[in-house]
Amino acid sequence: MAPFASIYTWPGNPRVYKALAAANLNGLEISLPTFTFGTTNIDASWVSKFPLAKVPALETHSDPPVCIAESGAIAHFLADSGPAREQLLGSTPAERARIQQWILHAEDEINPQVRTGVLPKVGRGEYNAEAEAQALAALARIVKVLESQLEKHQWVAETKELSLADLSVASSLTTALKLWLGPEWRAKYPKTIEWFSRTVGSKGVKEAFGEVELLKE
């Protein structure tokens with residue numbers, strides 16, 4: 001049987017982890033074709049499917065194919081395409097809204113701060129101490145809320161099982177915890193780190209995220 005869909009991206013792109021995990025939990029096979037940024041995504045046939053030439057991008061193997069860009073939209077589509085849809089997206093209006101709320105928190109409150117902290121670490125930005133301090137303060141604001149939530153609930157959106165909210169927030173934090181946020185920072189948020197380890201170690205998620213080695217110093 002052919003894979004359900006292909007996702008075009010560069011190797012190790014953390015923005016794809018949540019989508020691959022959602023696919024695993026729904027039993028969907030995803031292929032990852034060879035992709036060269038700046039070549040594949042400017043080819044005319046590829047741009048005809050994905051006009052903004054952005055990655056990640058998904059194309060189903062159906063007839064006609066479904067073509068979707070933006071990591072959040074891809075993750076939602078895969079979460080909604082199998083038997084785990086209610087677990088991942090919620091079974092009531094309140095659950096679905098809480099899950100979406102935390103997905104948006106990941107995109108709007110966590111990702112910008114992580115980019116500020118991580119890009120200089122990987123040679124894609126110039127280090128700025130003031131900008132880093134501001135990013136850490138902004139990140140602390142949302143992670144304190146996350147920590148409080150996890151003191152009362154096992155999963156971030158108050159669900160009985162892991163949801164797309166957990167996958168999204170964990171995906172947003174992964175690179176930061178590997179490259180930027182060391183033991184001193186992590187010690188402030190024990191429930192968050194416990195939840196993160198539980199999430200990325202879950203069946204179907206671990207295979208998507210791989211082994212996550214936290215920054216040692």
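**Exercise 1.** How do helix 7 and helix 9 stand to each other: roughly parallel or roughly perpendicular?

*Solution.* Keep in mind that this is a predicted model.

- Step 1: get the geometry. The axes of helix 7 and helix 9 (residues 190-200) come within 10 Å, and they cross at roughly 105 degrees.
- Step 2: classify the angle. Anything from 65 to 115 degrees counts as roughly perpendicular, so helix 7 and helix 9 are roughly perpendicular to each other.
- Step 3: list who touches whom. Helix 7 brings Asp-166, Val-169, Ala-170, Leu-173, Thr-174 and Leu-177, while helix 9 brings Ile-193, Trp-195, Phe-196, Thr-199 and Val-200.

**Exercise 2.** Now try helix 6 against helix 9: at what angle do they pack, and which residues make the contact?

*Solution.* 

- Step 1: helix 6 (residues 129-152) packs on helix 9 at about 75 degrees, with the axes 8 Å apart.
- Step 2: on the helix 6 side you'll find Val-143, Leu-146, Glu-147, Leu-150 and Glu-151, and on the helix 9 side Pro-190, Lys-191, Thr-192 and Trp-195.
- Step 3: the tally for this contact is five nonpolar, one polar and three charged.

**Exercise 3.** Pick out the residues with the most contacts to other members of the largest nonpolar core.

*Solution.* 

- Step 1: this core has 58 residues, and Ile-7, Leu-78, Trp-195 and Phe-209 touch the most other members.
- Step 2: check the source of its members. Helix 7 (residues 164-179) gives the largest share, eight residues.
- Step 3: look for what sits apart. Another core, of six residues, includes Tyr-8, Trp-46, Phe-50 and Val-55.
- Step 4: zoom in on Trp-195. Leaving out residues up to four places away in sequence, Trp-195 touches Leu-146, Leu-150, Gln-154, Trp-155, Val-156, Asp-166, Val-169, Ala-170 and Leu-173.
- Step 5: In soluble globular proteins, nonpolar side chains tend to be buried together.

**Exercise 4.** Work out the strand order of the four-stranded sheet, then say which strands stand at the edges.

*Solution.* 

- Step 1: the sheet is open, its order is 2-1-3-4, and the pairing is mixed.
- Step 2: strand 2 (30-31) and strand 4 (67-69) each have a single partner strand, so one side of each has no neighbour in the sheet.
- Step 3: Strand 1 and strand 2 run parallel, joined by two bridges, with Ser-6 opposite Ser-31. Strand 3 (residues 57-60) and strand 4 run antiparallel, joined by three bridges, with Glu-59 opposite Cys-67.
- Step 4: check the faces of strand 1. Ala-5 and Ile-7 are on one side, Ser-6 and Tyr-8 on the other, and all are buried.

Key:
Residues numbered from 1 in each chain as written. Predicted model: local features only at pLDDT ≥ 70, side-chain atom pairs only at ≥ 80, totals over all residues. Heavy atoms only, no water. Core = buried A, V, L, I, M, F, W, Y, C linked by side-chain atoms within 4.5 Å. Buried < 20%, exposed > 50% of the residue type's maximum accessible area, 1.4 Å probe, protein only. Contact = heavy atoms within 4.5 Å. Pairing = 2+ DSSP bridges. Axes fitted to C-alpha atoms, helices over the stretch in contact; angles between N-to-C directions. Parallel < 35°, antiparallel > 145°, perpendicular 65-115°, else oblique. Nonpolar A, V, L, I, M, F, W, Y, C, P; charged D, E, K, R; others polar.
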